[in-house]
Amino acid sequence: MSASEITARRPKNAIVILLDSLNRHMLGAYGGREFATPNLDSFARRAVRFDRHYSGSLPCIPARHDILCGAIDFLWKPWGSIEIWERPLTAYLRAAGVVTKLVSDHPHLFEVGGENYHTDFTAWDYQRGHESDPWQTRPDPSWMGAPSFARGHTPYDNSRGYFRDETDFPGPRTMAAATEWLERSARSHDRFMLFVDEFDPHEPFDTPEPYASMYDSSWQGPHMIWPPYVRGALAHGVLTLEQARQIRACYGAKLTMIDAWLGRLLAAIERGGFYDDTTVIVCTDHGHYLGEKDIWGKPAVPIYEPLGHTPLFIAMPGGVTGKIDALTTNVDICATLAEIFGVEMAHRTHGRSILPMMTGEARSIRDWALAGVWGREVHLIDAEAKYARAPAGDNAPLSLWSNRWSTMPIHHMPQLHMPPPDERAVLDTMPGARIPVIRQPFRAGDLLPYWAMGKFSGNHLYRVNDDPGEEENRAGSAEEKRAAEKLRAALIEMEAPKEQFERLALA
């Protein structure tokens, strides 16, 4: 089909399926053979597979800010709500008469720091009980618990006993609810966007049989559904080899279970003829370390490939298939949706629509992408390499820019919350905005948000095309000087805070 024919069949609707902590290298569509993902693999064959897609702002809520607001925010703040100088894509779609539906079991969307991402959807459906969701006040005695690596008693321990069979788990319930809406309500609307924010295969990696024992049938005792957040778990005796294998197997079990339920939603898309007029996007926020480089969870380390190099599949009317190896990142998903629905976002955004590559009008849309966690390394990815720049000395100067003062709530660390702004705070402005924003500088001794407290291991520079395992760190070579210049230029283009240049010794 020619580019003009594809352009004439631009979609009128969109379905976005965001699977949390989805590891690209474990999917059959990307060559993974360890775990079964038949439905994702089948969908990939009718879609375009993107081979160089990267997360931008990490972790969970910052990534959703990228996708729903189209603006990278990790250079300014760690984790928080939509700010008053910006509006999410859903607000623009509402004004354009597009019906939007959110179906999710993601608890962070309903906690402080994530509480207003759902409010501009036309309607939303929250399936209760996943991870940190404070759903139940007492545990059902049928749940005996699982090793939690110092997490203590969790909200999930109160909820878990109420899941009696597979259909009771939050992931299956979310997929079932999305399928029901699609079959009963979607065609009642002239234009719609269904956004399925599915928290699986995120931890806890808890599944019923037959999934629970599918990839480690010899394991005895409670399944290890909670990974530690640590670098060097095997080297330092945090995990035995058997425990490490069990944690990885439990992730695989959850991946296979949610793939099965995704298959039901994909079947409904097929039955309803939605592929004829609807773009279907399957994406994630980030991956998850499961022993690569002996890293587990999402600890304070540079963003290596398993965490930051993520899967993306897009099926568009017209049957375009194949693969694209041009660089893309999560803010580009927002820009793509905005183009599909013909809306223009008023605040400063950083995404570029992927549609020109889908139609053959362009071979690439960007030369570089930035990725990072607030207060940690800033990463530049381009065609040549991935460069992670760490603070040159102390992790300073560092400021938080926000009018909604919050960060990620951690159940077992209630003391870890943002202090209110004090006499150090000043009013400043964000790029492209005139609304004043509170900028609070940190000083030595302040309690920093979770990931910013971790140690650094210097700068990292890898030619990931030739060195996918990131074994040869080229930092310190002549190549780093060129990479640092590219990063500085990118930060200037982003109008990044001045303290970032000083903190990273790029001033």
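**View 1. Alanine 388 meets its bridge partner, histidine 460, in β18.** This is a predicted model, where local features need pLDDT of at least 70, side-chain atom pairs count only at pLDDT 80 or more, and totals for chains, interfaces and linings use all residues. Residues are numbered from 1 along each chain as its sequence is written, and side-chain values use heavy atoms, leaving out hydrogens and water. Strand β14 (residues 386–389) pairs with β18 in the antiparallel sense over three bridges. Strands here are DSSP runs of E, at least two residues long, while helices are runs of H or I of at least four, all numbered from the N terminus. Two strands count as paired if DSSP finds at least two bridges between them.

**View 2. Step back and you get an open sheet of four strands.** The order is β12-β13-β14-β18, with antiparallel pairing. β12 (368–372) and β18 (460–462) stand at the edges with a single partner strand each, so one side of each has no neighbour in the sheet.

**View 3. Tryptophan 135 and phenylalanine 163 make a stacked pair.** Rings of Phe, Tyr and Trp (its six-membered ring) pair if their centres lie within 6.5 Å; planes under 30 degrees apart are stacked, over 60 edge-to-face, and the rest tilted. By this rule there are 18 aromatic pairs. Here the ring centres are 6.1 Å apart and the planes sit at 25 degrees, so this pair is stacked. Tryptophan 135 is in the loop between β4 (123–126) and α5 (155–159), and phenylalanine 163 is in the loop between α5 and α6 (170–184), so the pair ties together parts 28 residues apart in sequence. Buried or partly exposed? Phenylalanine 163 is buried, with a relative accessible area of 4%, while tryptophan 135, at 30%, counts as partly exposed. (Buried means under 20% relative accessible area, exposed over 50%, partly exposed in between, using a 1.4 Å probe and protein chains only.) Both rings belong to one aromatic cluster, along with Trp143, Tyr156, Tyr162, Phe169 and Trp226.

**View 4. Here's the largest nonpolar core, with 63 residues.** Such a core is a set of buried Ala, Val, Leu, Ile, Met, Phe, Trp, Tyr and Cys residues joined through side-chain atoms within 4.5 Å. Phe50, Leu89, Met193, Phe195 and Leu337 touch the most other members. Helix α9 (residues 331–341) gives the largest share, six residues. A second, separate core has 50 residues, including Ile17, Met175, Phe192 and Tyr211.
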